[in-house]
Protein chains: 2
Amino acid sequence: EVRFEEISPADFFYRNRDLAGFSNPARSLYMCIRELVENSLDATEVGRILPNIWVSLESADENGERFFTLTVKDNGIGVDGAMIPKAFGTVLYGSKYGFKQSRGTFGVGGTMALLYGQITTNTPFTVISSRGGKEIHEYKLMIDIVENKPKVIEHKVHPNAKRWRGTIVRVTLEGDYSTSRPKILSYFEMTAVVNPNANIVFVDPKGRVYVFRRVIEKAPEPPREGKPHPLGVDVETVNRLIANTKSRDVRSFLVNEFQRIGPKTAEEVLKLAGIDPEKRVKDLTHDEVTRLVEAFRQYGKFRAPETSTLSPVGVEFIEAGLKSIYRPEFLHVVQRPPSSYSGIPFVVEAAIAYGGGIEPSEEIQLLRFANKIPLLYDEKADVSWKVISERIDWPSYKVQKGMPVLVLTSICSPKVPYKTVGKEAVSDRPEIERELTMAIRECARALRLYLSQIEKREAAKKR
Amino acid sequence: EVRFEEISPADFFYRNRDLAGFSNPARSLYMCIRELVENSLDATEVGRILPNIWVSLESADENGERFFTLTVKDNGIGVDGAMIPKAFGTVLYGSKYGFKQSRGTFGVGGTMALLYGQITTNTPFTVISSRGGKEIHEYKLMIDIVENKPKVIEHKVHPNAKRWRGTIVRVTLEGDYSTSRPKILSYFEMTAVVNPNANIVFVDPKGRVYVFRRVIEKAPEPPREGKPHPLGVDVETVNRLIANTKSRDVRSFLVNEFQRIGPKTAEEVLKLAGIDPEKRVKDLTHDEVTRLVEAFRQYGKFRAPETSTLSPVGVEFIEAGLKSIYRPEFLHVVQRPPSSYSGIPFVVEAAIAYGGGIEPSEEIQLLRFANKIPLLYDEKADVSWKVISERIDWPSYKVQKGMPVLVLTSICSPKVPYKTVGKEAVSDRPEIERELTMAIRECARALRLYLSQIEKREAAKKR
Ligand SMILES: Nc1ncnc2c1ncn2[C@@H]1O[C@H](COP(=O)(O)OP(=O)(O)OP(=O)(O)O)[C@@H](O)[C@H]1O
Ligand SMILES: Nc1ncnc2c1ncn2[C@@H]1O[C@H](COP(=O)(O)OP(=O)(O)OP(=O)(O)O)[C@@H](O)[C@H]1O
Ligand SMILES: [Mg+2]
Ligand SMILES: [Mg+2]
């Protein structure tokens, strides 16, 4: 009476789609839009392309209340014709598993959005893409959820006369636009704040057109894949590096496969671990690998992780984005120096804006970003919320309830410690919490200066 | 420069172990204990066995501060010798994927605990088990994380002279007992509250022995696997039922594969969907399946889901458990009638205890349970917290800050809408929220009666 079963990752997320954020039609519609838009922004950023993202949501039933067709089109690097079925039809398959900052990270999101459309409407989805070569590939696909494999319903190849490069994804799904609309519009607005170099157009089911125009003509340097830092590995990762390395002896293995380890450091670490530097690395015993990782922890003199895997938003972009959307009368933006948690580099940016187009509000308005993704749910579970509600003494900065104050936080890392697959809240790692606190206090000090100047002026007027 | 990769589910949870609750050594130690204890309780409940659970945590390094060996032994139904490697060494493999209430549900937890031990200590784990037959199987295993497969390091078969039946799991892991200890002890205490028929012994690294004795000699009726309810399916599930059914025509398919559909109801639903009842079910078109699911939604006259898939804690067990641990001076326990959300049955139980061994506290103490699992983290994200902080007008029930009040909530369902794989908070489905509100208000009314009686007595004394 005990029956064992194995299920595929697609089946796991199908049965437990709450875990991926697809809990009800309004939230699921939001998730579909964000997962596809984030894929499009990744595809432009990795190619250092100024993003043009076009999103349309059309009614797919007569009442226009329950079923919608979502189309997302971008001018990104496109997907290889041969790769399209697996990229969009397989869970835990993607191009973002390397160690560098990216919006995507799990290999789940885009596929989940298309899977959700499939299970609510029983219709295939369409992917059209080209890398700018001679051909445009068009697929109609469904997902074999039990097997976690794509099913090609139709495949056409078109000649690419104009050498178009980009991707179009179209899916029909059950949603609830009237409930979801405020969050969807906030998502586009916040996306525009941290991507002021993007043209974003959203056409909604009622035909309303929302345009966010590019205000900066720059594309940031994309992050580059990095080697692991010795403080960021465990025995499993070291065993995999050993299995794949071309290095012969342990010393050159350390120098070649890790960042921040030169020949001298390698010798010192190996001495601490009691391992002969000349020993063939593929001959290391179980015990020796464990001692090596332990020696990494004890060595204590590694330089901080490299930052080439990072691509922060940047003070200039945050200023341009906040000004373009909110026209605040006061604005202060801070980018902290890079830091790290558990051997993983990260950088925190923060901004405080006051007045102008910002509405007075009972509670401080918080815009949260992680890897340039707007986070709109689970605010109370997020480390940024914890910082602004527990670590900042707002009255000491002259900030009272009901003031028009907006705080922006941005965390960038090749590995953001999200709390859920749905990427809505960031865990309160002590190092991240500390960096956010420093950044927000710095902005708050600037705000206090501004507010006292206003006070003085008001006092002078009265006299 | 775009490199596609596919990763296994074990690799996914290895890279993102935060998502499964394994975020730092203190929390990971807690997770290992709970995942193994919950597996043991499932193994006794499914066999209707009075649980004897023995847990020992021993220091595994000289200081006793950082590495521990955890052993969990139960008298449950055991695991078949041939099944042991996959059950413990493969993620998304388990015996709890059927539609009935169980503590386990994802096929991840126990394997994750053992995986965590492996990556922090590079040592194999041990599983010893017998189903009470002639043999006891003993395995030393590791997990091939990249392939999501077990690696058998050693396998011994012992004769089972005394016909012992049960399972022993032993793993060495990095932890932080001093930080984790309060939560671990609360976990055992809360487990004893809803399992008063269990003998639980916990021996900690300092040699302290914590005993929770059985106070009820009953084993509840285990839940039974049920057929899906028409309101609980989508086209994917219907397509799978069609693929596996032995039924010939659509009408008998509906009657045989679903609960709450008799021949007459089947005819009415098929009329609504515009499908001929005599049609061969395996000939149904894409469109017809979609119309069938739509007709389920519109029919509106299905009886509520069956409750044989449920196994609530029970008023008697909750009373016995709370009295045994807290000896309150007042106690009121409520079990609501079964309800359902999205075609999935659930039952809510609640209790309010006052005084006795309950400490006065600034905020109301909340003990949360889902499928008899104590939930100790993410309180503010949980639906029970939302109800007691937003839906109950405590002063109107004479409850003031600083009173010794404890609220217990228990949600049981074949599918609890957990927010995370780490099972710490339940989503606020409206139906669940409403049932919790009703249950707690009923207990609060009883408390108000008791508190006013106390007031009267105090007033009488003064005169
Ligand atoms: N618009 C697009 N342009 C180019 N490539 C894309 C696009 N959308 C998806 N892809 C490719 O498909 C892969 C899978 O996408 P998916 O969203 O499922 O996972 P991911 O983005 O890697 O991770 P996450 O689950 O965090 O979103 C991506 O890694 C990317 O290579
Ligand atoms: N102590 C035990 N006694 C009997 N069977 C066990 C025991 N521990 C684990 N198992 C078996 O191993 C399987 C896998 O356990 P695991 O904890 O990984 O997943 P699960 O319990 O099914 O789901 P969850 O991830 O929600 O815990 C279980 O389904 C069960 O069949
Ligand atoms: Mg993605
Ligand atoms: Mg389990």
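Trainee: Which residue in β7(A) stands opposite A:H137?
Mentor: A:V157 stands opposite A:H137. This is a predicted model, where local features need pLDDT of at least 70, side-chain atom pairs count only at pLDDT 80 or more, and totals for chains, interfaces and linings use all residues; side-chain values use heavy atoms, without hydrogens and water. Residues are numbered from 1 along each chain as its sequence is written, with chains lettered from A and ligands numbered from 1 in the order in which they are written.

Trainee: How many bridges join β6 and β7 of chain A?
Mentor: 10 bridges, between β6 (residues 135–144) and β7 (residues 149–159), and the two run antiparallel. Strands pair if DSSP finds at least two bridges between them. Helices (H or I, at least four residues) and strands (E, at least two) are DSSP runs, numbered from the N terminus.

Trainee: And what's in the turn?
Mentor: The hairpin has four residues between β6(A) and β7(A), and A:N148 in the turn has a positive phi of about 55 degrees.

Trainee: Switching to ligand 1. Where does it lie?
Mentor: Ligand 1 lies between chains A and B. It is surrounded by 24 residues (a heavy atom within 4 Å), and the closest are A:S95, A:T105, A:G109, A:G110 and A:K423.

Trainee: Which polar side chain of chain A lies 2.8 Å from one of its oxygens?
Mentor: That's A:K96. The side chain of A:N39 has an N or O atom 2.9 Å from an oxygen atom of ligand 1, and a backbone N or O atom of A:T105 is 2.6 Å from an oxygen atom too. For the ligand, a polar contact is a pair of N or O atoms within 3.5 Å.

Trainee: How much of ligand 1 does the protein cover?
Mentor: 96% of the 600 Å² of accessible area that ligand 1 has on its own, by the Shrake-Rupley method with a 1.4 Å probe.

Trainee: Which element gives the largest share of that shell?
Mentor: α2(A), with four residues.

Trainee: What about ligand 2, why call its site shared?
Mentor: Because residues from chains A and B surround ligand 2. B:D74 has a polar side-chain atom 2.9 Å from a nitrogen atom of ligand 2, while a backbone N or O atom of B:G110 lies 2.7 Å from an oxygen atom.

Terms used. Polar contact = N/O pair within 3.5 Å; in protein donor to acceptor, adjacent residues only side chain to side chain.
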